[in-house]
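This report describes how two protein chains meet in a structural model. The sequence and the structure are shown first, and the account of the contact follows.

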Amino acid sequence: MIVRRMFNTPAWGWRSPFGELERMKNQVDRLFEGYHKGLSGRQQSAGVFPLINVSEDKDAYRVRTELPGMKADDLDISATADSLAISGERKIAPEDEEVKYHRRERESGKFSRMIKLSGQIDPSKVEAGIADGILTVVLPKSESAKPRQIKIG
Amino acid sequence: MTDSETKDLQAKEKEEVVSPAEQTKQGPTFVPVADIFETESAITLLADMPGVKSENFDIDLREDTLTLTGEVLPPEGPGETDIFREYQTGRYYRQFTLSDVIDQSKIDAKLNDGVLRLTLPKVEKTAPRKITITAG
């Protein structure tokens, strides 16, 4: 009796060889479900330059992005009824050749980003401005997408 | 640089300041990315500080420690609600230790389009004096 207890093999493991696999699969699924939930709960960036913030008020969407050192001429912005595309090139003017660099952290290069908006906008009324290295694009909502107060008659 | 050599910019999250001391102000503090280079006569520092206006920017040089601070006011208006946020805004803070003696009276700082350009002229070194040893 004592020996049998020492080799205490779980009976269900033999009764259904796929039972254990099924249990493992469920565990993995749960793990990933939690992982995905965790991601959407946090604000995960798309990882595409430039990083953007989007907000809205009752009249418009506002898209902001940090583009230090860039001027309006370096940027190309276009909008459709439900999307916005921002592209450009950040250039860093070269310094004299005889300078000795201690740190070079600022980066130059090209970028292109497209975002889909959750509602319809009026592309003809889109306005963009850049100040202190921050680009702000104001995308007025189309009349049909604006919230409307309904009067109860 | 020709077009074929231009690389694509990669998205990078701003680095938050890790401070051993408790912050007394609300909100996050970030480390601005910077270029530092040196010539015979000066040290130049370029730092990306988007959102900082010149009135909210401060430079402090004490002995050999240079401190940069920039406040960023939240750009969002009162009626706005976030749809999604990929970057945070807050103040910028970074300290540098300078190895050369800087001529404080000639420091020049410009803040244009969210980029700081700080020129720190070195104090001119006096020529080493030659000492002649006279045999006694």
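## Strand pairing across the chains

Tyr101(A) stands opposite Phe37(B), a residue of β3(B). The strand β5 of chain A (residues 100-104) and β3(B) pair in the antiparallel sense over four bridges; pairing requires that DSSP finds at least two bridges between two strands. Helices (H or I, at least four residues) and strands (E, at least two) are DSSP runs, numbered from the N terminus.

## Basis of the values

The model is predicted, with local features requiring pLDDT of at least 70 and side-chain atom pairs counting only at pLDDT 80 or more, whereas totals for chains, interfaces and linings use all residues. Residues are numbered from 1 along each chain as its sequence is written, chains are lettered from A and ligands numbered from 1 in the order in which they are written, and side-chain values use heavy atoms, with hydrogens and water left out.

## Extent and composition of the interface

Chain B and chain A each contribute 45 residues to the contact (heavy atoms within 4.5 Å). About 4300 Å² is buried between the two chains, 49% of it on carbon and sulfur atoms; buried area is the accessible area (1.4 Å probe) that two parts lose on being put together, summed over both. Within chain B, the residues that lose the most area to chain A are Leu9(B), Glu86(B) and Tyr87(B), together 19% of what that side buries.

## Polar and charged contacts

Across the interface, 30 residue pairs are in polar contact, both residues being at pLDDT 80 or more. A polar contact is a pair of N or O atoms within 3.5 Å; within protein, one must be able to donate a hydrogen and the other to accept it, and residues adjacent in sequence count only if both atoms are side-chain atoms. On the side of chain B that touches chain A, β3 (34-38), β4 (42-48), β7 (81-85), β8 (91-97) and β10 (115-121) each supply at least two residues.

The whole structure holds 25 salt bridges over all chains, and twelve salt bridges are counted between chain B and chain A (a side-chain nitrogen of Lys or Arg within 4 Å of a carboxyl oxygen of Asp or Glu). One joins Lys53(B) to Asp132(A) at 2.7 Å, N to O. Another links Arg94(B) with Glu105(A), whose closest N and O atoms are 2.8 Å apart. This pair crosses between chains, from strand β8 of chain B to the loop between β5 and β6 of chain A.
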